[in-house]
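The structure is shown first, and the points follow by topic.

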Amino acid sequence: MHRLVLALILVVLGSATVFAKEAPPASSNPRLEKRVMALASQLRCLVCQNETLADSPASLAADLRAEIRQKMEQGESDKQIVDYLVARYGDFVLYRPPLMPTTVLLWFGPLLLAIAGLAWLLYRLMRRHAPDSVPLSDAEHKQAAALLAEQEGGTQ
Amino acid sequence: MQNTTMNENLGAPARGRTWLRVAVPLGLFLGLVILLGVGLTLDPHRVPSPLINKPAPDFQLPQLHDPAKTFSPKELLGKVWMLNVWASWCVSCRDEHVVLLQLAKTGVLPIYGLDYKDKRSEGIAWLQEFGNPFKAVAFDADGRVAINYGVYGVPESYIIDKRGVIRYKFIGPITPRDLRDKILPLVKELNGNA
């Protein structure tokens, strides 16, 4: 019985390879391909929104990579291609949000919060030392000395 | 033992500041809750289009039903119309199709289709089965015209005014509420002005 189950599992797993397709041929120019992927990794896939155009398996991502490749072959610069995509899809297509008045809080917020937190922590630590620095009066010094002498006398 | 002095020093600051100690963190927490609550209502998949109030990109594509004929948005200057991007493989397009058929019946807004990355035969069959609200359908086999329009999913629809400027973009299927609250009023407004 166990052997049968194992055999079935192996057959099912083995058949998965039938569905694996050959990767589509990259352009014959590996340098161009590198440039395409470098730019694609700075752009966002709008379908799988937390992935870059380079990583996303969505068909739109493949189409946009092809678009990028074709434009690069036609001699367009990275900036021209990015401008082309932003004009059609908006700033969201950039993987890193551009630094604008509306995104300043997004970029610097965590840093500001960390600094504020640290500052508050330091302030609290400073205050804790304050009571210790209350100076003892002369009478209290004598009292402390007397108590200490008593202690030492007692333990011997 | 004379230790009351030290205790008094430690006890004094707490009194007046208790309220502040409660109010400040609570205030920050409530602020955060409101911010995140609003965020939950936003849908990141509705990417706003930068093409609003810009001229609709021109194209010339073969028609779905008759490849010998072409379709171009230039033909529709002077009219308010809708460009609906759909595909036979798109499931949610079927939901909105009923609404489009209703809209086409009213005759208020001509609808033109853009068949996105589809097989010609399947596109034709789909319209035959579910009804055809389109005055004409442009066949965008490789989806490059759609990219020019900033399409990133189907269905998407654009309302274009008499001067050929995109005035509104719908992302996702159009609901009867969209029809009633957004489309019909907008079309009335666009038809009223030149």
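In this predicted model, 5 residue pairs are in polar contact between chain B and chain A, with both residues of each pair at pLDDT 80 or more. The side of chain B that touches chain A draws at least two residues from each of α1 (4-11), α2 (14-41) and α5 (144-148) of chain B. By class, that side of chain B has 12 nonpolar, 6 polar and 5 charged residues.

**Salt bridges**
- Between chain B and chain A, the count of salt bridges is 2.
- A salt bridge joins the side chains of K117(B) and D63(A), at 2.6 Å from N to O.

**Extent of the interface**
- In contact across the interface are 23 residues of chain B and 24 residues of chain A.
- Chain B and chain A bury about 1800 Å² between them, and carbon and sulfur atoms give 50% of this area.
- Within chain B, the most area is lost to chain A by R144(B), I147(B) and Y152(B), which together account for 28% of what that side buries.

**Nonpolar core**
- The largest nonpolar core comprises 74 residues.
- The residues with the most contacts inside this core are I68(A), Y89(A), M82(B), L114(B), Y149(B) and I183(B).
- Helix α4 of chain A (residues 78-89) gives the most to the core, supplying 6 residues.
- Beyond its neighbours within four places in sequence, M82(B) is in contact with residues including L100(B), L103(B), L109(B), P110(B), I111(B) and Y112(B).
- Among the other contacts of M82(B) are S157(B), Y158(B), I159(B), I174(B) and I183(B).

Terms used. Residues numbered from 1 in each chain as written. Chains lettered and ligands numbered in written order. Predicted model: local features only at pLDDT ≥ 70, side-chain atom pairs only at ≥ 80, totals over all residues. Heavy atoms only, no water. Core = buried A, V, L, I, M, F, W, Y, C linked by side-chain atoms within 4.5 Å. Buried < 20%, exposed > 50% of the residue type's maximum accessible area, 1.4 Å probe, protein only. Helix = DSSP H or I, 4+ residues; strand = E, 2+ residues; numbered from the N terminus. Contact = heavy atoms within 4.5 Å. Buried area = accessible area lost by both parts, 1.4 Å probe. Salt bridge = Lys/Arg side-chain N within 4 Å of Asp/Glu carboxyl O. Polar contact = N/O pair within 3.5 Å; in protein donor to acceptor, adjacent residues only side chain to side chain. Nonpolar A, V, L, I, M, F, W, Y, C, P; charged D, E, K, R; others polar.
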